[in-house]
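Could you show me around this protein in my viewer, one selection at a time? I am new to this and would like to know what to click on and what I will find there.

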Amino acid sequence: MWNFDSPRIVFGESALDVLEELQGERALIVTDPTMVELGLVDRVKAYLDNADIEVHIFADVEPDPAVPTVLRGAEVAQEVEPDWIIAVGGGSPIDAAKAIWVLYENPDIEPAAISPVMDLELRKKARMIAIPTTSGTGSEATFGIVLTDPEEQRKMGLGHRENLVDIAIVDPEMAAGMPPRLTADTGLDALTHAVEGYTCTWRNDLTDGLCLSAVRLIFRYLPRAVADGSDMEARERMHNAATCAGLGFGNAMAAMAHAMGHALGGVFHLPHGRAVALFLPYTIEFVASEEPERFAELAAFIGCSSEGGKEAARELANSIRDLMREVGSPVSVAETGIERGAYEAQLDKLMDDAFNDTQMLTTVRAPSDEELRQLFLYAYEGRPVDF
Ligand SMILES: [Zn+2]
């Protein structure tokens with residue numbers, strides 16, 4: 001048995017208009033201070049005012065939201081008693097809002113315990129909407145929640161199918177203000193979701209098309225969105241691509257580039273998308289020796305190779321490197337500015353963390369200790385993987 005879950009997705013120009021159709025009394029907007037400063041929260045609030053919904057705002061979500069933050073947000077929810085919880089922001093506010101929603105409906109649950117195997121019975125008090133303001137994490141279309149445990153300095157992957165949002169509002173105007181660096185980092189995260197969703201062991205017939213479509217959109221439109229943030233066609237297609245990739249990998253899985261990127265980001269604090277994309281070409285080269293045709297299909301679909309087999313996988317990896325260079329992103333760990341000595345000193349921890357990451361379970365070719373060490377070293381130097 002397999003599931004495919006999706007929220008209602010309202011997308012494209014004027015997608016925010018759907019807010020005026022909402023029925024309810026009170027909404028709690030979960031967001032971060034930047035969204036308030038940029039006026040994006042006010043924009044959402046104006047629609048809710050028109051719908052006669054009273055608006056409360058919890059704007060304390062930090063990047064990589066920590067458990068105490070969602071506990072505070074849940075307290076606010078208990079006071080406000082919203083019937084809508086509305087996340088406005090990138091992956092951090094959306095993930096925090098999902099956790100706040102779960103805790104609001106289930107006050108006795110510990111955030112770290114939110115897992116697919118429990119009974120949540122959500123929607124007795126509220127329903128949830130996500131309005132992404134970046135084009136990358138896909139959190140509006142997945143049930144995943146990433147929270148940080150500040151005591152142990154580790155990230156926890158949580159979530160339950162029920163905490164998939166009710167409505168995702170994918171309005172390109174909400175992402176139009178992203179600076180180029182953030183556009184590139186989040187867009188490359190979406191690319192990694194799509195490639196890994198298409199090539200991991202949990203891929204399936206329902207997700208393949210979404211992943212392929214997302215990869216093609218990202219190759220076409222990410223360079224334009226980075227070069228000219230006011231190119232609204234590129235913004236819209238990237239916003240759609242990120243949600244497609246979210247639905248794709250969210251109903252399949254990601255894989256080893258995410259495991260290695262999480263490990264690197266945890267120790268050296270790189271943005272998520274930059275860290276996971278960095279490892280993508282290397283993991284493609286490594287995994288493709290096990291299953292070259294899958295990568296060849298993907299390469300043929302985006303038109304970067306007419307070859308079959310491993311040669312096509314290599315061309316795909318190189319096309320991804322070219323795309324990363326074009327949007328100003330590092331293609332080796334050295335290029336991120338991390339000193340070789342500091343990196344090698346952390347190599348054992350990086351390997352441990354990557355091996356313990358759930359995304360490592362879905363790689364088609366599982367590395368040995370020595371192979372993973374070599375992968376981290378090749379990625380440091382930027383050497384294509386040939387083993
Ligand atoms: Zn990701």
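Start by selecting I86 and I129: I86 stands opposite I129, which belongs to strand 5. Keep in mind as you look that this is a predicted model. Now widen the selection to residues 84–89, which form strand 4, and residues 127–132, which form strand 5. These two strands run parallel and are joined by six bridges.

Now move on to helix 5, residues 180–199, and pick out T183 within it. Is T183 buried or exposed? T183 has a relative accessible area of 4%, and because anything under 20% counts as buried, T183 is buried. Show its side chain and look for two polar neighbours. The side chain of R235 makes a polar contact with the side chain of T183, at 3.0 Å. On the backbone, the oxygen of M178 lies 3.4 Å from a polar atom of the T183 side chain. Setting aside residues up to four places away in sequence, T183 touches M178, R235, L222, A225 and V226.

Your next stop is M238, in helix 7 (residues 232–250). M238 counts as buried too, with 3% relative accessibility. Beyond its neighbours within four places in sequence, M238 is in contact with several residues, including S135, G187, L217 and Y221. For a distance check, draw a line between the C-alpha atoms of M238 and I94: these residues are 144 apart in sequence and 18 Å apart in space.

Time for the nonpolar interior. In soluble globular proteins, nonpolar side chains tend to be buried together. Here the largest nonpolar core has 71 residues, and L191, F279, V333, Y343 and F376 touch the most other members. Click on L191 and you will find that the residues it touches include V215, F219, L280 and I320. Apart from that core lies another, of 34 residues, with I94, Y104, M128 and V170 among them.

Then select helix 10, residues 292–302. Its buried residues include R294, F295, L298 and I302. What covers them? Among the covering elements are helix 5, helix 6 (205–227), helix 9 (272–288) and helix 11 (309–326). Step just past the end of helix 10 to G303, which takes a positive phi of about 80°.

Finish with the whole protein in view. There are 14 helices and eight strands to find. The C-alpha atoms fill a box of roughly 60 × 45 × 45 Å along the principal axes. With 387 residues, a compact globule would have a radius of gyration near 21 Å, and the 20 Å of this protein agrees with that. Buried residues make up 58% of the 387.

Key: Residues numbered from 1 in each chain as written. Predicted model: local features only at pLDDT ≥ 70, side-chain atom pairs only at ≥ 80, totals over all residues. Heavy atoms only, no water. Pairing = 2+ DSSP bridges. Helix = DSSP H or I, 4+ residues; strand = E, 2+ residues; numbered from the N terminus. Buried < 20%, exposed > 50% of the residue type's maximum accessible area, 1.4 Å probe, protein only. Polar contact = N/O pair within 3.5 Å; in protein donor to acceptor, adjacent residues only side chain to side chain. Contact = heavy atoms within 4.5 Å. Core = buried A, V, L, I, M, F, W, Y, C linked by side-chain atoms within 4.5 Å. Rg over C-alpha atoms; globule rule 2.2 N^0.38 Å.
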